[in-house]
Amino acid sequence: MALLRALRYFVEEAFISLWRSRLIHAVSIGTIAVSLLVLGTFLTVASNLHAAVAEWSRKIQIVLYLEDGLEGRIRESLERRLAGDPAVAGVEHVTQEEALRRFRRLFPDLQRLPEDLGENPFPASLEVTVRADQDALANVDRLVVEYTQAPGVEQVQYDSLWIRRLNTAIQLVRWIGGFLGGILVIASVFTISNVIRLTAYTRQDELDIMRLVGATRAYVQGPFVVEGVIQGGLGGLAGVGLLWLAFRMLVGRALASSDLLGRAVVFLPIQLAAAIVIGGMVVGIVGSLVSLRRMPV
Amino acid sequence: MIQAFHVYKQYDRESCALSDVTVHVNKGEFCFLTGPSGAGKTTFLKLVFREELPSQGQIIVGGRNVTAIPDGQIPLLRRSIGVVFQDFKLLKRRTILENVAFVLKILTVSSKEQKRRAFTALKSVGLHHKMHAYPLQLSGGEQQRVAIARALINDPMLLLADEPTGNLDPDMTMEIMTLFQEVNSRGTTVLVATHDREMIQRLGKRVIALEKGRVVTE
Ligand SMILES: Nc1ncnc2c1ncn2[C@@H]1O[C@H](COP(=O)(O)OP(=O)(O)O)[C@@H](O)[C@H]1O
Ligand SMILES: [Mg+2]
């Protein structure tokens with residue numbers, strides 16, 4: 001009950017203070033919103049790239065092109081060896097005829113090309129799907145090395161290099177985002193702490209009176225911490241809101257329908273969006289505590 | 001109630017606001033602290049409720065060594081002491097009823113109880129009819145009486161009053177002194193800093209006189 005009364009007092013006082021110096025608080029909330037917007041933008045890009053890579057990793061294929069006229073016995077032993085490998089999710093034998101059919105389906109305009117060449121130019125192949133787990137890329141490397149020299153294998157084709165590059169790009173996006181975001185978050189802490197120092201300063205005599213009639217430090221400072229939390233939380237909400245608007249306007253139109261990433265571009269997952277808002281509140285608490293550190297007893 | 005041993009207070013290097021002050025005020029006593037302006041009266045009171053720390057010496061208040069209590073216990077000390085500040089120290093944004101009730105609010109007393117007791121306290125200084133006024137709408141004497149009501153609302157073990165009648169006319173002065181004596185008779189120790197010799201003489205209580213930071217007569 002007592003705690004509830006104190007909390008109610010903190011919230012009331014915090015809102016009075018927010019309203020009384022609304023301009024400076026608006027500026028402060030705006031600063032936090034922009035900082036978190038930048039952080040959120042990087043998070044959105046990184047999480048989309050990450051999801052795309054996860055999707056592609058699932059589809060990593062190694063294609064073993066077989067020598068012409070390979071004995072079925074050798075092919076079958078290759079298939080068995082592959083199927084027994086723990087990193088392999090599936091093996092499909094694509095015959096020369098099947099390869100030709102696929103070509104015709106993909107390029108109807110070039111229907112006549114194979115006939116013009118006189119014979120079926122497509123080699124038979126084994127399409128190996130790699131199990132999608134953390135080691136997928138390493139497993140691809142191993143399989144490629146293992147089977148390049150295998151009897152009956154003409155050539156090995158695989159597509160992990162650009163996934164690797166993308167992974168590096170994601171790391172870079174994360175790193176830049178973390179760095180920039182970190183700086184901006186620290187700047188937000190300073191903004192909040194300065195705003196609170198300012199509002200505390202304008203109410204110095206009031207705070208002195210509270211101390212002198214026996215208010216505890218927590219009671220005197222509570223309203224300021226709540227003020228910081230509200231500022232940070234509103235900043236976080238505004239940041240996420242802006243991010244969402246920007247997402248709708250820019251990304252939504254240009255990319256959502258395209259298959260550039262192999263999947264639709266999506267907004268931040270709700271947990272991350274919530275984390276940004278909560279992060280704003282934490283920034284508010286830290287900022288207020290920083291500014292109140294030196295208050296006398 | 002108050003035991004000060006060889007207390008010194010220096011705000012700056014050159015001058016000494018208090019030097020070698022040894023004073024004892026017993027529980028239940030009513031006494032005056034007097035002396036010309038600048039003698040160190042306010043400084044002494046500030047040391048008692050730990051607004052300031054002495055540069056040297058020890059002060060024991062209600063059994064607690066206020067020169068050594070941890071920060072966390074300072075609010076508890078202050079809640080047991082009612083202080084009438086020389087400059088009143090009223091919250092300008094709040095009505096006088098809220099000002100008086102504030103002492104109970106920080107103790108998280110229910111708001112109904114706060115109002116009831118604040119009203120009673122204001123009534124005892126004759127200001128209940130102005131309870132919704134703000135401090136700056138009142139005269140100096142009225143603000144002083146609000147400060148007195150606030151100091152008394154929580155039945156303090158010790159009442160410190162710094163020039164509490166400085167803004168009051170003689171009639172009101174006597175009324176307030178009567179109130180203080182009533183409070184004293186209910187067990188509260190009272191220490192009043194004043195340079196009003198006439199009032200001191202009229203009440204015939206114990207007097208501690210300070211001059212240039214030293215105790216000159218007891
Ligand atoms: N906060 C302060 N900083 C510096 N000097 C002070 C401060 N408060 C009081 N003094 C000095 O201490 C001396 C005693 O002051 P004070 O205790 O207010 O006397 P009184 O209340 O008897 O008039 C004065 O010389 C005054 O200038
Ligand atoms: Mg004084």
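**View 1. Helix H6 lies across part of the sheet of chain A.** Helices (H or I, at least four residues) and strands (E, at least two) are DSSP runs, numbered from the N terminus. Angles run from 0 to 180 degrees between N-to-C directions, with axes fitted to C-alpha atoms, for helices over the stretch in contact. This is a predicted model: local features need pLDDT of at least 70, side-chain atom pairs count only at pLDDT 80 or more, and totals for chains, interfaces and linings use all residues. Residues are numbered from 1 along each chain as its sequence is written, while chains are lettered from A and ligands numbered from 1 in the order in which they are written.

**View 2. Four strands of chain A form an open sheet.** Their order is S2-S3-S1-S4, and the pairing is antiparallel. Two strands pair if DSSP finds at least two bridges between them. Strand S2 (88–94) and strand S4 (153–158) are the edge strands; each pairs on one side only.

**View 3. Six bridges join S2(A) to S3(A).** Strand S3 covers residues 125–130. Val91(A) stands opposite Val128(A) in S3(A). Helix H3 (residues 72–83) of chain A lies across S1 (61–66), S2 and S3, at about 160° to S2(A).

**View 4. Chain A touches chain B.** The contact takes 13 residues from chain A and 14 residues from chain B. Two residues are in contact if their C-beta atoms, placed from the backbone, lie within 7 Å. On the side of chain A, H1(A) gives the largest share, four residues.
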